[in-house]
Amino acid sequence: MNRREIFSPDAKRRAARFMADRGTAVRRPNGGNGHGRTLVLDPKKLARFEPARQRLAGQLTDGALPVRRARIGQREILQVADLTIHFGGVHALEGVDLVARTAEIAGVIGPNGAGKTTFFNCLSGLLTPDRGVITFDGHKLDGSPASRGRLGLGRTFQTPRLFGSLSVMENLKFGCRTADSARREYVFDPSLRRLSHEERGVRIAHMVGFRGDLGAPAGSLPFGDLRTVELARALCGAPSLLMLDEPASGLDVAQAEDFVDLLRSLSDLGLAILLIEHDMSLVMGICDHITVLDFGQVLAAGPPSEIQRNEAVIEAYLGRSD
Amino acid sequence: MSTMLEDLAPGKVSRPRPPKPTVQPGDRRRTATRTIGVTLLIAFVLTMPYDMKWAGSSFALDYGVIIGMAVLSMSVLGWIGEFTLATVAQMGFGLVVVNLLQDAGLPFALILPVVILSSIPISVLLGVFALRLKGVDFAIATLAFGYTAQKTFFQTYLGVQGGFGGTSSKAISRPVGFTGSESFYYLIMGSLLLMALICWAVNRSWIGTSLTALRESEAAFSVLGHSPGAYKIFTICLSGAIATVAGAYFGMLQGLVPSNYFQPALAILYFGFAVAGGMGSVAGACVAGIFFGALPKYFDSLSEGHFVGYDQFFIGIVALIVVLWIPGGMADVGRRLWRRVEGGGPAPPMVSPLEEIDVRDGVEGAIAAAAGLDTGVEA
Amino acid sequence: MTKLIQTLIIGLEYGCVYALIAMGMVLVYRATGVLNIAHGGVGVLAGFVAWDLNTLRGWPYFPAIGVGIGVAIVSGLLFERFVARKVVKPFLVTVATLALFLLLQGLVFVVPWWGNTWGQVFNSPFANKQVAIPGANYAVSWDQLVLFGNVIAFFVGLYWVLRRTRVGLAMRAVSDDPTAARLMGIRQKVVAPVVWGLAFGLSGLTTMLLAPILLLDNTSLTAFTLKALTVTFVGGLVSLPLTVAGAMTLALLEVSTQLYLPSARGLSDAWPFLILVVVLVARFARGTKALEDTAVAAV
């Protein structure tokens, strides 16, 4: 039989979907896919197929076939226990606990002033909490923001903070330099490590959907692009946990949809994502786990379905009509 | 099979090819202007002591060049968005160190490196302040440092009458071969040009890019995994080294220095020069320092002593004009003029480091930030 | 006993000077976010104008100082109208005050009939009148009493204005957020001139109070400005009571060191820096929290 004919279009499609679903999975425990078979995939060989895999994953999420979320190797990457910070009489955060896992999108929501950005600032190291323990990837997190960045904590800001007078590419290269000096692997695309900074920047910019001129000064970009580039810059730093502060605010519907797709793909590829957002439909649709803050305290935590039904949350957000 | 492999093989990422450089119509004129301009400048710099003889002795020019170094030292801090008023104190330390080394009989070739090394501890001390304080708070701290150094160390060391620690010390002497005013000029001008070159090279390198990023957003910079502290201390050490060497040369220029010379108010004056030249600009700092440093001396000799104190008034007015209308200082003016001469288009507006410093980086800023408010939005 | 009283009186006197200058700076800072380095210099201008009128042209004392203070107030209004309003960013205005400082320092020399001399004697009508302190071999001059009284009056007045009156509230609102304040109906164009005029007028008043006690010259006021800057730092540039307390502490420390430990020559002059270090260490000890925040605020 001609070898060519073995690979019928159907078989190819199945193979492609298989590759897309498995992501960078290496080994399956026995009986992993429900048929009692063990599947072993060589990571080096898989890495070669990454770009194609990404393209396929992008095509497949285009409404036609639902993508099964890869939950391989999911582990807790961030544990926050009893995080407390006071500013004079203001209890910005009070005993906040949170857990973030790889390949999971965790949302942090709450009314304005609930302490969400303060929470992120504490995680980043820009603020020092009065009490509480943060453990990241097995390390206790108590160093400077720079050291936390090198450990793999990526972050974007509520208002994009790009280096305006530098070009987009130069902005991205800052992240690449950290990834190299900290010898970090790109969770979502291990092959990036071997590329030069320039190529990495181009790839990641392409991945996040930035179509503009990489040589243009970052300060000259339109607002939607600012967020995209900031995200790309954070990704260039090879984070294992990405903290996004209101990333979808100011984006129009189409941009928001693209953004959701991007986040899902990144999460599928193993990146842990922590998200502050006000857009409820986005949050409920994309997050696997939601923590609700109000006045600095955790009001509720759980999967979206639970949160939507939680009385206390409804009251805090919408108020009661009595 | 081949199609599947093609599908699954690593794809080529298409990059826009850079456009081939075409010869623009204005290019020849630009190159010609640049060559002529640079040649004229070099010629002028090489012969300045003789060109300026009509206005006064070369001493004024020497003085101006040293002030140029001091102003360069201050302007460099504009790279991290800070300003210092401790430059004058650091000059004083340079003076003291060179005196000690000459007393110990060290040859000139060794003196300068030792002077530079000796500046590092003080720079590191100031650097520690820079890590915790920002903007005006940092400037006040440097001012207090300068003031204390002047009142305690210098006054004690330099003695009440002036000179150095009493009659047993010698005056600071110039190195062999550079004892005349003109020859000394070439020594210090060469040093200034070397310093300017080093600063310019640093600015153009990845260090300069990092400093720009640091200035624009320290939070984003640190969160990306780069340490702002290291860059700040580096810049302060660079600034300190320049200032200390300037002080050493100042000692050689004057021979004896009165103990009350290094007033903090002098630092404020030099800061005015730095503003006029354009904070953060290497060329602007040098030009402004030389110009405003030499000017009062020339004024004195031309007017035979009638115009004492006019220089402060004059520089005050210039600095005010700069702040009101030309925040980029002389450097910005020079840049725009040069572009016009070259025939290029209008220059892009330069954001002066001055405009990026926020004076509220103190307790209030801290509280606002802590409340989670984004203080990046300005009225 | 005499020495103690002497220490206290002189210490209070200098403390008052530092406090007045520092309060003027804090006022401007609270209301505009600008650090007015020219504060001392404006006073010198006012002082020389008054001296000119009084000593050179024979005007009576109080009208002369009235005009002097008036000149100071007008220059504050002019500065606000033509500089502060044009250059909106607080830091640039601070640099402008620095330029103004240099200008004023030089102005004393530029005006030909004020002479190239360094200091002038400018006596008030209270010169040579004293109040003896019972039980001690020392007397307080009326000038000093006037100084003390004015400082207290000013401190109380300023505190009350900032805290209790609508104008003061408006000033604080404008300093916190000019845009929001404008939206609330507070007119920056009215508040700002009041602030600057008041601050510069205060500077003029300071010089008038000081000149009878010390010489009227420009360099000593510079030294005072520098020390006052350190003192403002103690109060964090926001707290009036702490600023005044800091001023008095610094002055008392300086004077007591000078009188009781004359051999430790440098110590009395080192106090500004030492106090600065203590304040910084206290802020460190409270936790790097407040200081690290500036990393976020600075962007």
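Reader: What share of the 379 residues of chain B counts as buried, and what makes a residue buried here?
Author: In this predicted model, 50% of the 379 residues of chain B count as buried. A residue gets that label if 20 or more other C-beta atoms lie within 10 Å of its own.

Reader: And what is chain B built from?
Author: Its secondary structure comes to 16 helices and zero strands. Among contacts in chain B between residues at least 6 apart in sequence, 80% join residues at least 24 apart.

Reader: Over to chain A. What makes α5(A) a mostly covered helix?
Author: Count the residues: nine of the nine in α5 (116-124) of chain A are buried. They run from A:K116, A:T117 and A:T118 through A:F119, A:F120 and A:N121 to A:C122, A:L123 and A:S124. Each therefore has 20 or more other C-beta atoms within 10 Å of its own.

Reader: Which strands does α5(A) lie across?
Author: β1, β2 and β4 of chain A, and α5(A) runs at about 65° to β2(A). Those strands belong to an open sheet of four with the order β2-β1-β4-β5 and antiparallel pairing.

Reader: How do you know that β1(A) and β2(A) pair?
Author: Two strands pair if there are at least two bridges between them. β1 (76-87) and β2 (90-101) of chain A have eight, in the antiparallel sense, so they count as paired. For one example, A:L83 stands opposite A:V96 in β2(A). Their hairpin has two residues between the strands, and A:G88 takes a positive phi near 60° there.

Reader: What joins β4(A) to β5(A)?
Author: Two bridges, with the strands antiparallel. The cut-off is at least two, so this pair meets it. A:F136 has A:H139 in β5(A) as its bridge partner. In this sheet β2 and β5 (139-140) of chain A are the edge strands, each pairing on one side only.

Reader: Why are β6(A) and β10(A) called edge strands?
Author: They sit in an open sheet of six strands, ordered β6-β7-β8-β3-β9-β10, with mixed pairing. β6 (153-155) and β10 (297-302) of chain A each have a single partner strand, so one side of each has no neighbour in the sheet. From one strand to the next, the twist averages 20°.

Reader: In which sense do β3(A) and β9(A) pair?
Author: β3 (105-109) and β9 (289-294) of chain A pair in the parallel sense over four bridges. Within that pairing, A:I109 has A:V292 as its bridge partner in β9(A).

Key: Residues are numbered from 1 along each chain as its sequence is written. Chains are lettered from A and ligands numbered from 1 in the order in which they are written. This is a predicted model: local features need pLDDT of at least 70, side-chain atom pairs count only at pLDDT 80 or more; totals for chains, interfaces and linings use all residues. A residue is buried if 20 or more other C-beta atoms lie within 10 Å of its own, exposed if 12 or fewer, and partly exposed in between; C-beta atoms are placed from the backbone. Two residues are in contact if their C-beta atoms, placed from the backbone, lie within 7 Å. Axes are lines fitted to C-alpha atoms, for helices over the stretch in contact, and angles run from 0 to 180 degrees between N-to-C directions.
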